[in-house]
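Trainee: Could you pick one part of this and take me through it closely? I'd like to know what packs against what, with the cut-offs spelled out.

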Amino acid sequence: MLGPIDYSMWFADFLVEIVCVVCLLKKRAFTKHFTIVIYVCSSIAVGVGRYSIMATSGFTSFSYYYFYFYSDALLTICLYFVLMNLYAHVFSEMGVSKLVRGGAMLLLAGTAGISYHMVAMSSDRLVTHFVIELSQNLYFVGVVLTYLLWGAMTKLRENRTHLMQLVLSTGVYFSMFAGSYALDNMYPNTVVWRYVFHLMAMWLPVSWTYTFCKVPEDARMPTARVLVPNR
Amino acid sequence: MIAILIFGISFLTLLQFFVSYCHSLIAESRAYELSEQGREISGVTGRIVRGDQFRRLLQLIAVCPEPGGDSGQVRAVSLYFGLLGLVRVLFGWIEPAVAGWIESERSGCAYLAAVMLDRRIAYNRVLMARQMSAQL
């Protein structure tokens with residue numbers, strides 16, 4: 001059963017996401033960062049959906065279990081689009097947005113295919129396993145893609161503070177989730193995970209809110225100061 | 001085996017992203033000039049804030065109502081500061097240059113905390129002024 005800590009974390013999660021959307025709309029970032037708004041709105045909708053299913057069917061029910069993992073996979077795919085949007089911003093001057101979009105779709109389909117193949121090879125072949133496998137693999141692909149993007153940004157001497165902080169916070173998020181999924185595989189059924197996942201889920205809306213509210217849109221920062229600070 | 005590999009890679013990338021993210025916050029705060037009132041309240045003189053002032057600045061931040069949006073960053077930088085402390089304990093004695101680098105990083109964290117405190121003080125002053133004008 002869920003205790004007061006779970007409920008308060010759930011509420012805090014919901015609150016930071018609402019604040020993030022309000023901040024994004026207030027800063028008129030809707031068109032420029034459309035995918036971020038879509039992701040945060042989807043996350044709010046998923047939170048409400050999870051809560052209502054948990055209230056009707058219970059935290060340990062199969063309905064909640066299925067909904068949790070399917071919605072998580074959908075959110076990961078949304079976040080994947082956020083990452084593609086960041087790629088498009090970084091490479092905007094090169095005019096390769098179509099290529100980036102095509103590549104992203106191919107990678108997404110490839111990840112889904114590999115995940116399906118991994119589940120089809122296993123003995124129980126549960127559909128739920130596919131979605132968990134897909135989530136895990138997408139998080140890891142997300143880590144690799146963010147790392148490549150950050151590498152490209154340092155090579156291109158990207159100096160937009162906004163973009164740097166968005167990419168780095170997305171990288172932190174993907175790495176945290178990929179790492180915790182891997183740890184969960186090694187030590188399954190650990191109770192602490194449900195608190196850790198809630199805390200980690202707050203990272204993106206909190207860091208995005210900070211970036212959009214406190215960092216001016218036209219702020220610039222030499223990449224070298226991030227790589228080798230205090231110079 | 002694959003889980004261990006994924007965990008290892010994710011942990012290393014997490015460290016790199018997190019450290020770079022904290023560096024970006026610190027570098028961004030360097031552009032901010034502390035106000036005279038902020039300096040006076042936080043007890044900062046000059047442009048350099050010593051690393052050992054970080055804890056005191058955090059305590060001052062905790063008693064100052066927040067304008068919203070920076071509490072997560074305060075926590076992130078506190079975590080980075082703690083991480084630096086751990087690195088100093090583990091490796092600081094091996095190479096004195098490491099200790100110097102850690103101190104400059106801690107000083108950056110302290111400057112960021114001073115900037116956050118300054119922003120909060122400015123926000124509260126504006127709120128107070130508004131309240132005073134509404135009462136009149």
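Mentor: Let's start with helix 4 of chain B and helix 5 of chain B, which are roughly antiparallel to each other, because angles over 145 degrees count as roughly antiparallel, under 35 as roughly parallel, 65 to 115 as roughly perpendicular and the rest as oblique. This is a predicted model, where local features need pLDDT of at least 70 and side-chain atom pairs count only at pLDDT 80 or more, while totals for chains, interfaces and linings use all residues. Residues are numbered from 1 along each chain as its sequence is written, chains are lettered from A and ligands numbered from 1 in the order in which they are written, and side-chain values use heavy atoms, with hydrogens and water left out.

The helices are DSSP runs (H or I, at least four residues), numbered from the N terminus. Helix 4 covers residues 71-91 of chain B and helix 5 covers residues 96-135; their axes come within 10 Å and cross at roughly 160 degrees. Those axes are lines fitted to C-alpha atoms over the stretch in contact, and angles run from 0 to 180 degrees between N-to-C directions. The crossing of helix 4 of chain B with helix 5 of chain B is left-handed, meaning the near helix is turned anticlockwise from the far one by less than a right angle.

Now the residues in contact (heavy atoms within 4.5 Å). On the helix 4 side of chain B they include B:Val74, B:Val77, B:Phe81, B:Leu84 and B:Arg88, and on the helix 5 side they include B:Trp101, B:Glu105, B:Cys109, B:Leu112 and B:Met116. By class, this contact of helix 4 with helix 5 in chain B has 13 nonpolar, 3 polar and 5 charged residues. Here Ala, Val, Leu, Ile, Met, Phe, Trp, Tyr, Cys and Pro count as nonpolar, Asp, Glu, Lys and Arg as charged, and the others, Gly among them, as polar.

Helix 5 of chain B has another partner to look at. Helix 3 (residues 54-63) of chain B has an axis that comes within 9 Å of that of helix 5 of chain B, and the two cross at roughly 20 degrees. Helix 3 and helix 5 of chain B are therefore roughly parallel to each other, and their crossing is left-handed. From helix 3 of chain B, B:Phe54, B:Leu57, B:Leu60 and B:Ile61 meet B:Cys109, B:Ala110, B:Ala113, B:Ala114, B:Met116, B:Leu117 and B:Arg120 of helix 5. The class count for helix 3 with helix 5 of chain B is 10 nonpolar, no polar and 1 charged residues. Note that B:Cys109, B:Met116 and B:Arg120 turn up in the helix 4 contact and in the helix 3 contact.

B:Ile41 sits in helix 2 (residues 36-42) of chain B. At 41% relative accessibility, B:Ile41 counts as partly exposed, since buried means under 20% relative accessible area, exposed over 50% and partly exposed in between (1.4 Å probe, protein chains only). Setting aside residues up to four places away in sequence, B:Ile41 touches B:Leu60, B:Ile121 and B:Arg125. You've met B:Leu60 already, as part of the helix 3 contact with helix 5 in chain B. Finally, B:Ile41 and B:Met128 are 87 residues apart along the chain, and their C-alpha atoms are separated by 17 Å.
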